[in-house]
Structures are given as C-alpha cells and as structure tokens.
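Student: I would like to work through a model feature by feature. Please show me the structure, and then I will ask how to read it.

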Amino acid sequence: MKKNVDIPAIHDNDLIDVLKELGLYSELVDENINCLNCEEVIQMNNLGGLISINKEVKIICNNPECLASEIIKSTP
C-alpha cells in the first residue's frame, strides 16, 4: 500500500538565509557539521536535508542511504 509523506522543502535561493536563521551557516562554512548518519563533513555541495530531532536541527548529507534512512525513521 502506497503512503503519501509530506516533505517540507527549502528553495535553493532561500537555503543560506534559513541556515543563518538557524545559526548553522557559519558552522557549515567552517566544516564543523557532520552528517547525522555517516559522520561525513557537511558542506553546501553535499547537504541533503535538515531534520528536527527533539527541537534541535540536525543535518544529513546527500548520500542516498542517509536520506533513505531518515525518511524510513520518520514514517509512522
């Protein structure tokens, strides 16, 4: 049975502003953020997604396995 999942999105033009609002942009530029799943250093070219866990924003890389892992975890 197929199930629809709502996925909020951020347009590329707004991503830097959103990261700045969340206080994550300078950490990202300084390469001080790692993927929640695989621990790879996150940069703008490999940022896959932002996830809220216990009211804290976490970042995952664009590796398909990491993206799929978080989608599976968040599906009720």
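Student: Which residues does Asn46 touch, not counting residues up to four places away in sequence?

Tutor: This is a predicted model, and the contacts are computed from its atoms. Asn46 touches Glu40, Val41, Ile60, Cys61 and Asn62, with residues up to four places away in sequence left out.

Student: Where does Asn46 lie, and is Asn46 buried or exposed?

Tutor: A residue counts as buried when its relative accessible area is under 20%. Asn46 is placed in the loop between H2 and S1. With a relative accessible area of 7%, Asn46 is therefore buried.

Student: What is the overall pattern of the protein along the sequence?

Tutor: The elements are counted, then read in sequence order. The protein has 3 helices and 2 strands, and they follow the pattern α-α-β-β-α. Of its 76 residues, 21% are buried. Take the contacts between residues at least 6 apart in sequence: 33% of them join residues at least 24 apart.

Student: How many residues are in the largest nonpolar core, and which of them have the most contacts inside it?

Tutor: Read a core by its members, then by the elements that supply them. The largest nonpolar core here has 13 residues, and those with the most contacts inside it are Leu19, Leu28, Ile33, Cys35, Ile42, Leu47 and Ile59. Helix H1 (12–21), strand S1 (47–53) and strand S2 (56–61) each contribute at least two residues to this core. S2 gives the largest share, 3 residues.

Student: Which residues does Leu28 touch, not counting residues up to four places away in sequence?

Tutor: Under that sequence limit, the partners of Leu28 are Leu19, Ile33, Ile42, Gln43, Met44, Leu47 and Ile59.

Student: How many salt bridges does the structure hold?

Tutor: The structure holds 1 salt bridge. The side chains of Glu56 and Lys58 form it, at 3.1 Å from N to O.

Student: Are Glu56 and Lys58 buried, partly exposed or exposed?

Tutor: A residue between the buried limit of 20% and the exposed limit of 50% is called partly exposed. Glu56 has 45% relative accessibility, so Glu56 counts as partly exposed. Lys58, with a relative accessible area of 27%, is also partly exposed.

Student: How should I read a positive phi?

Tutor: Most residues other than glycine have a negative phi. Glu31 has a phi near 60°, and Asn54 has a positive phi of about 50°.

Student: Where do Glu31 and Asn54 lie?

Tutor: Glu31 is in the loop between helix H2 (25–29) and S1, while Asn54 is in the loop between S1 and S2. For accessibility, Glu31 is partly exposed at 42% relative accessible area, and Asn54 is exposed at 76%.

Definitions and conventions: Residues numbered from 1 in each chain as written. Predicted model: local features only at pLDDT ≥ 70, side-chain atom pairs only at ≥ 80, totals over all residues. Heavy atoms only, no water. Core = buried A, V, L, I, M, F, W, Y, C linked by side-chain atoms within 4.5 Å. Buried < 20%, exposed > 50% of the residue type's maximum accessible area, 1.4 Å probe, protein only. Helix = DSSP H or I, 4+ residues; strand = E, 2+ residues; numbered from the N terminus. Contact = heavy atoms within 4.5 Å. Salt bridge = Lys/Arg side-chain N within 4 Å of Asp/Glu carboxyl O.
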